[in-house]
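Hello,

The structure we spoke about is below, ready for you to open. My notes on it follow.

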Amino acid sequence: MKKKLLLGDEAIALGAIHAGLSGVYAYPGTPSTEITEFIQSDPLARERGIHSHWSTNEKTAMEAALGMSYAGKRALVCMKHVGMNVCADAFVNSAITGVNGGLIVLAADDPSMHSSQNEQDSRFYGKFAMLPILEPSSQQEAYDMMARAFALSEELKVPVLMRIVTRLAHSRAAVEVQEPQEENAFSPATDNAQWVLLPGNARRNYANLINKQAEMQKASEHSEYNKRSSAKHTDNRLGIIACGIGYNYVREAVGDEYDILKISQYPLPVETIRQLAKDNDALLIVEDGQPVVEEEIKGLLGNNYIVKGRLTGDLPRTGELTPDNVAAGLGKNSRAVYSASKNIVGRPPQLCQGCGHRDVYGALRDVIEEFPDARVFGDIGCYTLGALPPFKALASCVDMGASITMAKGAADAGLWPAIAVIGDSTFTHSGMTGLLDAINENANITVIISDNLTTGMTGGQDSAGLNKYEAICLGLGMDPAHLHVVTPLPKNIPAIAQLIRDEIAYKGVSIIIPRRECIQTAARKARSKKAQG
């Protein structure tokens, strides 16, 4: 065996490659992006021709991976937690079709919302779809679990959800790696009834899924990733259930002073939990995310048994767990070495100097000051920083693609002027359908597609609609007379501002595409070119 120093994301990627992966499908989103990027640059992945192109959004990624599974190959889908909302239709239905080749859906959750709109916990999706869930507690487990997850997927003939959190994704540890397995042979599915979800077929498949629940439960009860370590000091009558990375926080905070059950495979090992409860007077549930397990265990053990955790206030209700707050939840003194100093002044992020988005907002700011009722509806990307000083331009930012549809809805209600700002990658991800609605109804909105020729927010990945945005808009039925491309530079701000004024005055859909390459991407290209001589 060899040892490598890997991020959690990299351990997952390498584990998948070594487990015989044939394709990864993903849309970039922190903290999951580095998984696909690692596979794109890995020599063995390149040698084998493993698919690793970015998908347009998480739904297309999920469906393409399901197609690879249909062909008998092993596939991985990667996304951040909010991407699970986008792929939910395909994800839930994949539990009903089942799989042919192994299929892993990787969801990277973001407790404390370091780069996200919410703290949702993807384990709810696994429970909702009635699928097995794996939650590694370390980089080593993240690597090892990939082979087990693919095998479990093929044994049970269902997708497997793997859930990680930001701290695991973006921290490094030494990982022992194995020799790589060969890829699955090409062997397309032959039972069409399994894959055609007409109601009659779907009812049979659903009954099969229900029947598999006992197998999933048995696999969890005997999983090597669910293990109990009894306390050395038996006078302590509080048991701890530590989920995923929470296990590390418990061990760091209190060592082996408690009776601890580590859980990294779901559904919950019910019999093991009942025995732990029998041996202790109360249980503390340590889980990074929402109180998924805490709620389930309360139902399992009944109201008369004491279950502590996030719901009871013994642990913080929101944000990431740390060894400090876990120690506090156990009544232990903490050194508080993991908490940020109160003397550190917060530094909000800003758009890069020289960024084209800055010039777009400069023009917008000049215009909206002339319209007291103007509202600018924002979207997900670097340009969301236009909500902060010095621009303070945005009235909303909700989810991918919402800028256009919210502007349309507000315009339908009588708001004028209603302006939408959306980035190039976000537009192809989920903005096109909203624009089609607006064009079909000739909504009185002005849409700015700020095109920096890349997916800048997550590090400069390819943008799915590169050099196609005018064609896409025209194909959706846009009037070419009100479709404009401009170059966002400081010297052009007055002209862009006047164009915005002119299009606000037009009673219908207008589109302005400011196009200039991301300053960071351009700098990386220049450095690469210089290095190559």
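An open sheet of 5 strands runs in the order 8-10-9-12-13, and its pairing is mixed. Its edges are strand 8 (227–229) and strand 13 (306–308), each of which pairs on one side only. On average, neighbouring strands in this sheet are turned by 20° against each other, direction ignored. Please keep in mind that this is a predicted model.

Lys227 has Lys262 in strand 10 as its bridge partner. Helix 13 (residues 246–254) packs on the sheet and touches strand 8, strand 9 (238–243), strand 10 and strand 12 (282–286). The direction of helix 13 makes about 135° with that of strand 9.

**Strand 12 and its neighbours**

Strand 12 pairs in the parallel sense with strand 9 over 5 bridges, and Ile241 stands opposite Ile285 in strand 12. The pairing of strand 12 with strand 13 is also parallel, over 3 bridges. There, Leu283 has Val307 in strand 13 as its bridge partner. Between strand 12 and strand 13 the chain passes through helix 15 (residues 292–301), and this β-α-β crossover is right-handed.

How many residues of strand 12 are buried? The count is 5 of 5. Both faces are covered: Ala282, Leu284 and Val286 are buried on one side, Leu283 and Ile285 on the other.

**Helix 21**

The other element I looked at is helix 21 (residues 493–505). Its 13 residues, at 1.5 Å a residue, should span 18 Å, and the end C-alpha atoms are 18 Å apart, so the two values agree.

Which residues of helix 21 are buried? They are Ile493, Ile496, Ala497, Leu499, Ile500, Glu503 and Ile504. These residues lie on the same side of helix 21, because they cover an arc of only 160° around the axis. On the other side, Pro494, Ala495 and Ala505 are exposed.

Regards

Key
Residues numbered from 1 in each chain as written. Predicted model: local features only at pLDDT ≥ 70, side-chain atom pairs only at ≥ 80, totals over all residues. Heavy atoms only, no water. Pairing = 2+ DSSP bridges. Helix = DSSP H or I, 4+ residues; strand = E, 2+ residues; numbered from the N terminus. Axes fitted to C-alpha atoms, helices over the stretch in contact; angles between N-to-C directions. Contact = heavy atoms within 4.5 Å. Expected span 1.5 Å × (residues − 1). Buried < 20%, exposed > 50% of the residue type's maximum accessible area, 1.4 Å probe, protein only. Arc of directions from axis to C-beta. Right-handed = clockwise from strand over helix to strand, strands pointing away.
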